[in-house]
Each structure stands twice: as C-alpha cells, then as structure tokens.
Amino acid sequence: MWRPLLTLSALVVSVPLYALEVPQAPHLVVSGYAEQKVEPDMLTLHVSVTALAKQGLKAKQQVDTKVAAFFSQLEGLGIKRSDVDAGNLMVSPEYQYGENKKPVLLGYRAQRQLAVKLYQLDKLSPLMDTALKAGLESVSQIEYGLKSPQIVKEQARLGAVDDAKSKAESLAKAFGMKLGKVYSVEYRNTSPMPFYSRNFKAMAMAAAPAPDMAANSYQQQQITVTDNIDAVFLLE
C-alpha cells in the first residue's frame with residue numbers, strides 16, 4: 001500500500017536537512033541530545049610573575065629568582081616540573097605619564113606567565129600559599145577540568161544516540177507506524193575539552209581574601225558535557 005512521505009523534523013530540534021541523506025521513502029528525522037554532569041578532578045592555576053627594575057637584566061633576574069623559588073617548593077605538594085607550563089619571559093619599558101609632561105621612564109618590567117596543573121584539588125590553598133611565599137604576585141585564573149574528558153564525552157555521545165532512538169520510537173508509535181532501520185546519521189559535535197574557570201581580575205595574592213570569601217571563590221562546580229546527533233530512520 002502506498003504511504004505518503006513523512007518527515008517529522010519539525011517536531012524535534014531543528015537541523016540542517018541538507019547535510020543529512022534522506023531516502024525517497026517514508027522516514028523521520030530526529031535530533032538526539034544528552035548531557036553529563038561531573039565533578040572536576042583537576043585544575044590549572046594561572047599565575048603571573050613580574051618585577052620592575054631600572055635595568056631590563058635586573059628585572060629578568062628577579063623574575064627568574066621568583067620562578068626558581070616557586071619550582072623548588074612544588075615537589076613538596078606532589079607537583080612535577082612537567083605539570084608546569086612556563087611562558088616566555090617578556091621585558092618591556094614602563095613609563096609614567098603626566099598631563100603636558102614628557103613620559104618618565106620608571107624602569108623595565110619583566111613578566112612571565114605560569115600555568116600549574118594540580119590533580120589533588122584539596123591542595124589548591126597550599127599551592128597558592130606556596131606561590132605567595134615565592135613572591136608570585138597575582139592569580140589571573142583558576143581553570144577546573146577533567147583528567148580524562150574523552151570518557152565523559154563518550155558517555156554523553158552514547159546518551160545522545162539513546163535519546164535519538166527514544167524520540168524516533170515515540171514519534172513512530174504516535175503516528176501509528178513502525179520504526180525501521182537507521183538510514184543515515186549526521187554527527188557534527190566539535191565541543192572543546194570541557195572546563196569551567198574563575199577569573200580573578202588584578203587579585204593581589206598579598207592581599208589575601210577572608211577565609212569565608214576564599215572558600216566561596218574556590219568552591220567547585222560541576223562540569224557539564226553535552227553532545228548531540230541527527231539521524232534519519234525509515235518507517236514501515
């Protein structure tokens with residue numbers, strides 16, 4: 001018996017149908033979506049090391065001394081040297097500007113950015129204390145993430161497939177038809193590695209926040225990993 005072409009894409013999340021191959025037969029198009037919420041199990045602490053001196057070499061040496069002192073204390077926290085990404089050292093002149101006055105050279109500012117990976121989150125406070133003692137001035141960002149994000153992303157992907165199947169079965173039943181095989185699948189998810197971060201604008205470590213404020217600032221949040229998939233199912 002002849003049956004009209006049935007496309008149910010309007011009943012689900014809108015998808016670009018031109019990207020999906022559809023048959024010249026009764027079918028439906030669905031989008032599957034899923035998300036996984038997990039607790040972060042690692043973080044990256046971004047800190048800035050700076051020094052101002054009359055000579056560029058002096059400023060560089062001061063930064064090198066601070067970085068070396070910091071590295072020497074990391075081992076006590078179980079942090080390996082390979083867990084630290086040290087950016088290039090930048091040296092630039094620093095001027096004081098006044099109205100209707102020529103700029104006055106204050107000296108040379110040396111600066112280096114460090115990113116420290118920490119896999120024991122309960123050691124964040126000791127890590128920041130260590131940075132302070134080593135003379136590191138500020139924290140620009142604390143970035144929480146996952147050691148093995150691919151595992152969670154795979155769970156979300158399979159969840160999206162299950163969601164697409166569930167929608168397809170429900171829609172086919174509602175229209176009094178039987179769900180057939182999958183005809184085509186379109187997967188376009190290019191989500192980056194999941195993480196969330198907390199920015200600290202000009203947060204001077206020497207002026208440490210009160211304990212209750214610090215607890216709220218560094219409190220962990222769940223990381224949400226999402227995935228989606230589009231599929232075409234035949235109808236019988």
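## Asp 227 and its surroundings

The side chains of Asp 227 and Tyr 187 are joined by a polar contact of 2.8 Å. This is a predicted model, and the values below are computed from it. Asp 227 belongs to strand β9. Its relative accessibility is 2%, so Asp 227 counts as buried, the cut-off for that class being under 20%.

With neighbours within four places in sequence left aside, Asp 227 is in contact with residues including Gly 32, Tyr 33 and Ala 34. Lys 153, Ala 156, Arg 157 and Ala 160 are also among the contacts of Asp 227, as are Tyr 187 and Asn 189.

## Salt bridges around Arg 157

Side chains of opposite charge can pair when their charged atoms come close. Asp 227 and Arg 157 form a salt bridge in which the closest N and O atoms are 3.6 Å apart. Because Asp 227 lies in strand β9 and Arg 157 in helix α3, this pair ties together parts that are 70 residues apart in sequence.

Arg 157 also forms a salt bridge with Glu 154, where the closest N and O atoms are 2.4 Å apart. Glu 154 and Arg 157 are three residues apart in helix α3, so about one helical turn separates them. Glu 154 has 35% relative accessibility and therefore counts as partly exposed. Arg 157, at 24%, counts as partly exposed, whereas Asp 227 counts as buried.

## A further pair in α3

Lys 167 and Asp 163 have side chains that meet in a salt bridge, at 3.3 Å from N to O. Both residues lie in helix α3, four residues apart, which is about one turn of the helix. With a relative accessibility of 24%, Lys 167 counts as partly exposed.

A search of the whole structure finds six salt bridges.

## Helix α3: length and cover

Helix α3 covers residues 149-174. At 1.5 Å a residue, its 26 residues should span 38 Å, and the end C-alpha atoms are 37 Å apart, so the two values agree. After α3 comes Gly 176, which has a positive phi, near 70°.

The buried residues of α3 are Pro 149, Val 152, Lys 153, Ala 156, Ala 160, Ala 164, Ala 168, Leu 171 and Ala 172. Among the elements that cover these buried residues are β1 (27-38), β7 (179-186) and β9 (223-235). Strand β9 is also where Asp 227 lies, and three of the buried α3 residues, Lys 153, Ala 156 and Ala 160, are in contact with Asp 227.

## A nonpolar surface patch

Leu 52, Val 104 and Leu 106 make a nonpolar surface patch of about 210 Å². One of these residues, Leu 106, lies in strand β5, which comprises residues 104-118. Leu 106 has a relative accessible area of 32% and is therefore partly exposed; membership of a patch requires over 30%.

Definitions and conventions:
Residues are numbered from 1 along each chain as its sequence is written. This is a predicted model: local features need pLDDT of at least 70, side-chain atom pairs count only at pLDDT 80 or more; totals for chains, interfaces and linings use all residues. Side-chain values use heavy atoms; hydrogens and water are left out. Helices (H or I, at least four residues) and strands (E, at least two) are DSSP runs, numbered from the N terminus. The expected span of a helix is 1.5 Å times one less than its number of residues. Buried means under 20% relative accessible area, exposed over 50%, partly exposed in between (1.4 Å probe, protein chains only). Contact means heavy atoms within 4.5 Å. A salt bridge is a side-chain nitrogen of Lys or Arg within 4 Å of a carboxyl oxygen of Asp or Glu. Patches are made of residues with over 30% relative accessible area and no salt bridge: like charges are joined within 9 Å, nonpolar side chains (Val, Leu, Ile, Met, Phe, Trp, Tyr) within 5 Å. Accessible areas come from the Shrake-Rupley method with a 1.4 Å probe; for residues, only the protein chains shown count as cover. A polar contact is a pair of N or O atoms within 3.5 Å; within protein, one must be able to donate a hydrogen and the other to accept it, and residues adjacent in sequence count only if both atoms are side-chain atoms.
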